[in-house]
Amino acid sequence: MRILTLALIAATALPLSAEPGRTGAAILSRDTGIRASALGGSGATLQNDVESVSYNPAAMTSVLRPSLLTSYSAGFGHDNFGHISLASKLVGPAYLGLGFGYFDAGDIHLNLSDGTRETRKAAQDYYGNIALGFKTSPLLSFGGAIKPYALNLANQYSASGMAYDSGALLTLDLATDHSHVFYAATTLRNLGTGVRFIEESDPLPMTSVTAGTWQFTKLSAATGSALWRLNTTLETRQERRQDLEKAFGLEIKTFNLSEGFDWAALRLGAKYRDSFATLSLGVAWCWNKTTLNYALIRQPRDAGLDHRLSLEKRF
């Protein structure tokens, strides 16, 4: 009874702004990227972005420079989530990505029948990510990732294990000046055995993803350099024990606004599941190869707002 009571209290203490899920290790299905979060969680086709380490190791092969990203998000329920990742080309067609994340669900106040009176953390979860990507041709890239994780429930019960990702990316250049490009991606995330806290185990949130992005770049007639760029993304995600989730993302980026100011972007996104919508808005500024990303997420069923922030440095 004590075990059941702790589990119920910790579950009800989890904030309404947390990602929904009826599987184990829900931290593995959270949106780790701020850019992807602003695009409705659409991250499988992200180009030249270290966030792809978490969403599709095949897309990591588009990273042009070694990149380091750190991000933080907070919900209205006093939960917080942090993530750090690194991506870089190794040698030849190989790329390496590393990541680490944590989730703190906030405090719970215990008042049990055995006389226990204390405050504990509802849940504290951690995971790592080691990803490899290979660009086999200008058209095709493949990748995979290993993700060890550790979960703690109310400072009393713990579980750990390993999850695995795989992904592929197709790049179709539709114009000789590279102004029209189409990207298609497919990924399988969070493969592995179930999570066991006590006796029964819950399956990992295995998710299959299919995505497509059309990218249009307006070029300067005089220099051929990019003036602005439009990315439109559609993505479907089928998580185990969940209804199909459909997502849409729109990003408008303008370049070379002033000296030292590389680009700025406006992002809009939405995702739909179970007749409920999560809406998102984001902005980004890049100066001297340093990018600040911000996303505002309106959770479904009036569950509140999440504020998410990241800082990325390219070397």
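The lining of the second largest pocket holds 12 nonpolar, 11 polar and 15 charged residues. The model is predicted. The space in this second largest pocket comes to about 920 Å³. It is lined by 38 residues, and those closest to its centre are Gln47, Asn48, Ser62, Leu64 and Arg229.

Several strands contribute to the lining. Two or more residues each are given by strand 8 (157–173), strand 9 (180–191), strand 12 (207–219), strand 13 (226–239), strand 14 (245–258), strand 15 (261–273), strand 17 (290–298) and strand 18 (305–314). Strand 8 supplies the largest share of the lining of the second largest pocket, with 4 residues.

The table lists the classes of lining residue.

| Class in the lining of the second largest pocket | Count |
|---|---|
| Nonpolar | 12 residues |
| Polar | 11 residues |

Turning to the chain as a whole, its secondary structure consists of 3 helices and 18 strands. The radius of gyration of the chain is 20 Å, close to the 20 Å given by the globule rule for 315 residues, so the chain is as compact as a globular protein of that length. The C-alpha trace spans about 80 × 40 × 35 Å along its principal axes.

Of the 315 residues in the chain, 50% are buried. The chain exposes about 14,600 Å², and carbon and sulfur atoms supply 62% of that area. Among contacts between residues at least 6 apart in sequence, 53% join residues at least 24 apart.

Note on methods. Residues numbered from 1 in each chain as written. Predicted model: local features only at pLDDT ≥ 70, side-chain atom pairs only at ≥ 80, totals over all residues. Heavy atoms only, no water. 1 Å grid on protein atoms, 1.4 Å probe; cavity = no way out; pocket = protein on both sides within 12 Å on 5 of 7 lines; lining within 4 Å. Points joined across faces, edges and corners; volume = space filled by probe spheres on them. Nonpolar A, V, L, I, M, F, W, Y, C, P; charged D, E, K, R; others polar. Rg over C-alpha atoms; globule rule 2.2 N^0.38 Å. Buried < 20%, exposed > 50% of the residue type's maximum accessible area, 1.4 Å probe, protein only. Contact = heavy atoms within 4.5 Å. Areas by Shrake-Rupley, 256 points an atom, 1.4 Å probe, with all protein chains shown as cover.
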